[in-house]
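Please read it alongside the sequence and the 3D view.

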Amino acid sequence: REFLHAINHFAATLTETFLQHSSFELQLWNNYFHLAVAFLTQDSLQLENFSQAKRTSILAKYGDMRATIGAAIRDMWYKLGHRKIEFIPAMVGPILEMTLVPELELRKSTIPIFFDMMLCEYQLTEGFSRFEDEILHKLDSEVEGGRGDEQYKQLFESILLSCCREHPELAEPGENFVTLVTGLLERLLDYRAVMNDENKTYSMSCTVNLL
């Protein structure tokens, strides 16, 4: 809780002192995002790994601090305005790691950041290849590391498709991107599920599908 207070204090200072024009400090903002994501993803806050009694006790005393810091990260991202492009693709990996935390409300509030990244790059280059390449690369290692599930795939698909359809210029490329990522995610999840399966035929089939 004390670390959360400190991170929120850093955020307020960044916004007040290191955001506008010549006072903007890229490295400080970058450090903030990495610190906040590291806080959110630490083992001691992953309540689903605890017993029901311990989980209930923590929620009663502190609430789910992941939701709190996740909302703060989202708000800080949007405050960057035209500076966002300076954090693409470097921040794709940390944001992906955050959205993969298995907490429904956190996922719903932070997955839209991906669309904002797509839109930001598209407005400058009429494409979002840097963002796309980075998320495909990071998704592979994250799922291999045990993160991601069917709920995430469904949320990613529904939220981003909804966002893309609200912007005609991104409707088609956005839908193609979402289809690509959800297809990869499905194959990665299948492959992870059968890695230790004794049915070698099914395991080989999943490997071929992934390739």
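A salt bridge is counted here when a side-chain nitrogen of Lys or Arg lies within 4 Å of a carboxyl oxygen of Asp or Glu. E48, D64 and R66 are linked in a network of such bridges. The model is a predicted one, in which local features need pLDDT of at least 70 and side-chain atom pairs count only at pLDDT 80 or more, while totals for chains, interfaces and linings use all residues. Residues are numbered from 1 along each chain as its sequence is written, and side-chain values use heavy atoms, with hydrogens and water left out.

**Salt bridges**

By this rule the protein has 11 salt bridges. Three of them are set out here.

| Pair | Closest N to O distance |
|---|---|
| R66 and E48 | 3.0 Å |
| R66 and D64 | 3.0 Å |

R66 takes part in a salt bridge with E48. Because R66 lies in helix α4 and E48 in the loop between α2 and α3 (52-62), this pair ties together parts that are 18 residues apart in sequence. Helices (H or I, at least four residues) and strands (E, at least two) are DSSP runs, numbered from the N terminus. Burial is judged by relative accessible area, with a 1.4 Å probe and protein chains only: under 20% is buried, over 50% is exposed, and values in between are partly exposed. R66 is buried at 2%, whereas E48 is partly exposed at 34%. R66 also forms a salt bridge with D64, and both of these residues are buried.

R107 is buried, with a relative accessible area of 0%; D149 is partly exposed, at 24%.

**Overall build**

The protein has 11 helices and 0 strands. Of its 211 residues, 44% count as buried. The C-alpha atoms fill a box of roughly 60 × 50 × 30 Å along the principal axes. A compact globule of 211 residues would have a radius of gyration near 17 Å, and the 19 Å of the protein agrees with that. The radius is taken over C-alpha atoms, and the globule rule is 2.2 Å times the number of residues to the power 0.38.

A contact means heavy atoms within 4.5 Å. Among contacts between residues at least 6 apart in sequence, 69% join residues at least 24 apart.

**The nonpolar core**

A nonpolar core is a set of buried Ala, Val, Leu, Ile, Met, Phe, Trp, Tyr and Cys residues joined through side-chain atoms within 4.5 Å. The largest one has 61 residues, of which Y32, F33, I73, F114, M117, F131 and F177 touch the most other members. The elements that give two or more residues to this core are α1 (2-17), α2 (26-40), α4 (65-79), α5 (92-99), α7 (112-125), α8 (129-144), α9 (150-165) and α10 (168-194).

What does F131 touch, not counting residues up to four places away in sequence? The list is I88, V92, F114, M117, M118, E121 and F177. E134 is placed in helix α8 and counts as buried at 19% relative accessibility. Leaving aside neighbours within four places in sequence, E134 is in contact with P89 and V92.

**Helix α4**

The 15 residues of α4 should span 21 Å at 1.5 Å a residue, and the end C-alpha atoms are 21 Å apart, which agrees. The expected span is 1.5 Å times one less than the number of residues. The buried residues of α4 are M65, R66, I69, G70, A72, I73, M76 and W77. They cover an arc of only 160° around the axis, so they lie on the same side of α4; the arc is that of the directions from the helix axis to the C-beta atoms. These buried residues pack against α1, α2, α3, α5, α6 and α7. Just after α4, G81 takes a positive phi of about 55°.

**Helix α5**

α5 is mostly covered, with 7 of its 8 residues buried. The buried residues are V92, G93, P94, I95, L96, M98 and T99. What covers them includes α2, α4, α6, α7, α8 and α9.
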